[in-house]
Amino acid sequence: MNLNQHKITQSGVTELRKAVERYIDRRIKTPADFTFLSDSIRERVAMSVSSTTLKRTWGYIRDAGSEYLPSRYTLCVLARFIGFRDYEDFIDNLHSVDVQSASYIGATVDSASLDEGIEVRVTWSPGRSCRLRHLRGNEFEVVESHNGKLAVGDIVECGSFTMNAPLYFNRVRRPDGQQLTYVAGSRSGISFEII
C-alpha cells in the first residue's frame, strides 16, 4: 500500500471537489461541465484527467460503486489545478483553506452594475496587474496586463470583484479563438480600483 493512500478519504475527496467548484466558480453536474473541467485542467497544469474519471470522482457515474475513491494521481492533479503541490498538501492546508474562505469578506462590486466603458484596475501577488474595460454584463476587454497570463485584447467574463478574494474569469476568449478559464489571486486574493 502506498504510504500516502491512508490520507485518501471520502471526506477529503468531498472537500477537494468543493474546492475545485469554488475555484472555477461553477457547479460540476452535467456532461458538459465534466468536459469543461477536463479541458481546463489540461490547459492549466498540462496534465490529463478524463471526463469519465471526473464523472466517477463526482459520483455522476457509479459503475465503480458508491464508495469509489479516485486514484492519488487524479486527486493530485485536481489539487495542483487549484494551486496546491499535491493532494496531501491540500489536506494539510484544509483548515487554512477554510479560514481563507471566511476572510474573503471585502468590498464587492457586481460586474453588471458597472457602466459600459468603465475601467477596473486589478492587482494581485506577486506583482501582477491588469486593467479591464467593461463591455456589457459580465464581459470585459483586457486593455493592459503585467506579469500575468491575460493578454491585451482578451475578452474575459467575471461576475464580480471582491477585495481580498480570488477573481474568477469563467471564460477568457483570445483573439485567435482559444478559450480558457483563469483565476487571479488564487492564494492571496486581489485588490481592485474602479477608474
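Helix 1 (residues 10-24) and helix 4 (residues 72-81) cross at roughly 35 degrees, with their axes coming within 10 Å. This is a predicted model: local features need pLDDT of at least 70, side-chain atom pairs count only at pLDDT 80 or more, and totals for chains, interfaces and linings use all residues. Residues are numbered from 1 along each chain as its sequence is written, and side-chain values use heavy atoms, with hydrogens and water left out. Helices (H or I, at least four residues) and strands (E, at least two) are DSSP runs, numbered from the N terminus. Axes are lines fitted to C-alpha atoms, for helices over the stretch in contact, and angles run from 0 to 180 degrees between N-to-C directions.

**Helix 1 against helix 4**

- The crossing of these two helices is left-handed; that is, the near helix is turned anticlockwise from the far one by less than a right angle.
- Helix 1 contributes Val13, Leu16, Val20, Tyr23 and Ile24 to the meeting. Helix 4 answers with Leu75, Leu78, Ala79 and Phe81. Contact means heavy atoms within 4.5 Å.
- The residues of this contact divide into 9 nonpolar, no polar and no charged. Ala, Val, Leu, Ile, Met, Phe, Trp, Tyr, Cys and Pro count as nonpolar, Asp, Glu, Lys and Arg as charged, and the others, Gly among them, as polar.

- Helix 4 is largely enclosed by the rest of the structure, because 7 of its 10 residues are buried. Buried means under 20% relative accessible area, exposed over 50%, and partly exposed in between (1.4 Å probe, protein chains only).
- The buried residues of helix 4 are Thr74, Leu75, Cys76, Val77, Leu78, Ala79 and Phe81.
- Their cover includes helix 1, helix 2 (31-45), helix 3 (51-57) and helix 5 (87-92).

**Serine 51**

- Serine 51 lies in helix 3. Its relative accessible area is 21%, so it is partly exposed.
- Leaving aside neighbours within four places in sequence, serine 51 is in contact with Phe34, Thr35 and Ser38.
- Serine 51 and threonine 35 are 16 residues apart in sequence, yet 5.3 Å apart in space, C-alpha to C-alpha.

- An open sheet is built from 7 strands in the order 8-7-5-4-3-2-9, with antiparallel pairing. Two strands pair if DSSP finds at least two bridges between them.
- Strand 8 (179-184) and strand 9 (190-194) are the edge strands, and each pairs on one side only.
- From one strand to the next, the twist averages 35 degrees.
- Helix 2 packs on the sheet and touches strand 7 (167-173) and strand 8. The direction of helix 2 makes about 70 degrees with that of strand 8.

- Strand 4 (residues 139-146) and strand 5 (residues 155-157) pair in the antiparallel sense over 3 bridges. Here glutamate 141 stands opposite isoleucine 155.
- Strand 5 is joined to strand 7 by 3 bridges, and the two run antiparallel. Isoleucine 155 stands opposite arginine 173 in strand 7.
- Strand 7 is joined to strand 8 by 5 bridges, again antiparallel. Arginine 173 has glutamine 179 as its bridge partner in strand 8, and valine 172 stands opposite leucine 180.
- Strands 7 and 8 form a hairpin with 5 residues between them. In the turn, glycine 177 has a positive phi of about 95 degrees.
- Strand 8 is largely enclosed by the rest of the structure, because 5 of its 6 residues are buried.

**The whole chain**

- The chain holds 6 helices and 9 strands.
- The radius of gyration is 18 Å, close to the 16 Å of the globule rule for 195 residues, so the chain is as compact as a globular protein of that length. The radius is taken over C-alpha atoms, and the rule is 2.2 Å times the number of residues to the power 0.38.
- Along the principal axes, the C-alpha atoms fill a box of roughly 55 × 35 × 25 Å.
- Of the 195 residues, 41% are buried.
- Among contacts with a separation of 6 or more, 49% involve residues 24 or more positions apart.
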